[in-house]
Amino acid sequence: MTDPDPAVPTGSSNAPAPSLAERYGRARTGSHKPGGLPGQDDPWEEGDDIRPRPKLSVGARIAVAVALAAGVATAAWFTIVDTQRDPVTYADVGFSVVSPEQVDVTFDVSMPPGTEAVCTVTALSQSFAEVGAVDVEVGPDDSRTTRHTVTIATTELATTGVVDHCDLR
């Protein structure tokens with residue numbers, strides 16, 4: 001017994017491969033034409049009701065580009081308005097419980113350079129009760145975002161420390 005030749009396909013006879021329309025169930029009965037090979041008929045003939053998607057006209061392309069530009073401009077406008085309305089933002093970075101009477105909280109504050117803000121930082125217990133708080137004066141600074149670490153004295157063991165809010169001065 002000899003091994004089969006790896007260059008010869010196995011499993012079927014020399015039947016022609018089905019056309020794309022037949023493969024995806026869109027062929028009409030009796031309309032089988034071998035297609036897709038050079039020198040043979042086009043499988044996307046006019047009578048098949050299956051045609052490639054037409055390309056967009058120049059006017060449609062311009063309309064899509066204008067709509068996309070308008071969407072980007074609107075998003076930029078809302079971002080600018082939101083920044084002007086609430087120019088101070090903050091982000092909690094982390095905390096460290098030093099002892100049952102003390103917790104260190106690290107946070108970032110972003111605001112326009114040269115402005116001042118007051119941030120209220122709180123320490124919370126396991127039941128989310130406030131067990132300590134401190135107001136921190138931030139700024140003025142030359143950079144937009146600054147990192148701060150504050151120590152909060154607590155009345156009992158704190159399990160977290162967070163920034164409650166920041167307001168411009």
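Select threonine 146 and histidine 148 and show their side chains: the two make a polar contact at 2.7 Å. Polar contact here is a pair of N or O atoms within 3.5 Å; within protein, one must be able to donate a hydrogen and the other to accept it, and residues adjacent in sequence count only if both atoms are side-chain atoms. Keep in mind that this is a predicted model, where local features need pLDDT of at least 70 and side-chain atom pairs count only at pLDDT 80 or more, while totals for chains, interfaces and linings use all residues. Numbering starts from 1 along each chain as its sequence is written, and side-chain values use heavy atoms, with hydrogens and water left out.

Stay on threonine 146, which sits in strand E5. Is threonine 146 buried or exposed? Its relative accessibility is 11%, so threonine 146 counts as buried; the cut-offs are under 20% relative accessible area for buried, over 50% for exposed, and partly exposed in between (1.4 Å probe, protein chains only). Now bring up what surrounds threonine 146: leaving aside neighbours within four places in sequence, it is in contact (heavy atoms within 4.5 Å) with Phe107, Asp108, Val109, Val138 and Asp141.

Zoom out to the sheet around E5. Three strands make an open sheet in the order E1-E2-E5, with antiparallel pairing; strands pair if DSSP finds at least two bridges between them. At the edges you'll find E1 (89–99) and E5 (145–153), each pairing on one side only. From one strand to the next, the twist averages 20°, taken from axes that are lines fitted to C-alpha atoms, for helices over the stretch in contact, with angles from 0 to 180 degrees between N-to-C directions. Colour E1 and E2 (residues 102–110) next: nine bridges join this antiparallel pair.

Next stop, strand E3. Seven of its eight residues are buried, so E3 is largely enclosed by the rest of the structure. E3 pairs antiparallel with E4 (residues 130–138) over eight bridges, and valine 121 has valine 134 in E4 as its bridge partner. Follow the hairpin of E3 and E4 through the five residues between the strands, and stop at phenylalanine 128, which takes a positive phi near 65°. E3 also pairs with E6, again antiparallel and over eight bridges; there, threonine 120 stands opposite histidine 165 in E6.

Now show the cysteines. How many disulfides are there? Counting cysteine sulfur atoms within 2.5 Å, the answer is one. Cysteine 119 and cysteine 166 form it, with their sulfur atoms 2.0 Å apart. The link is right-handed, with 115° about the S-S bond. Cysteine 119 lies in E3 (residues 117–124) and cysteine 166 in E6 (residues 160–168), so the pair ties together parts that are 47 residues apart in sequence. Both cysteine 119 and cysteine 166 are buried.

From cysteine 166, draw a distance to aspartate 86: C-alpha to C-alpha they are 10.0 Å apart, yet 80 residues apart in sequence. Aspartate 86 is in the loop between helix H2 (58–85) and E1 and is partly exposed, with a relative accessible area of 40%.

Finally, colour the whole chain by secondary structure. There are two helices and six strands, running α-α-β-β-β-β-β-β from the N terminus; these are DSSP runs numbered from the N terminus, helices being H or I of at least four residues and strands E of at least two. Of the 169 residues, 21% count as buried.
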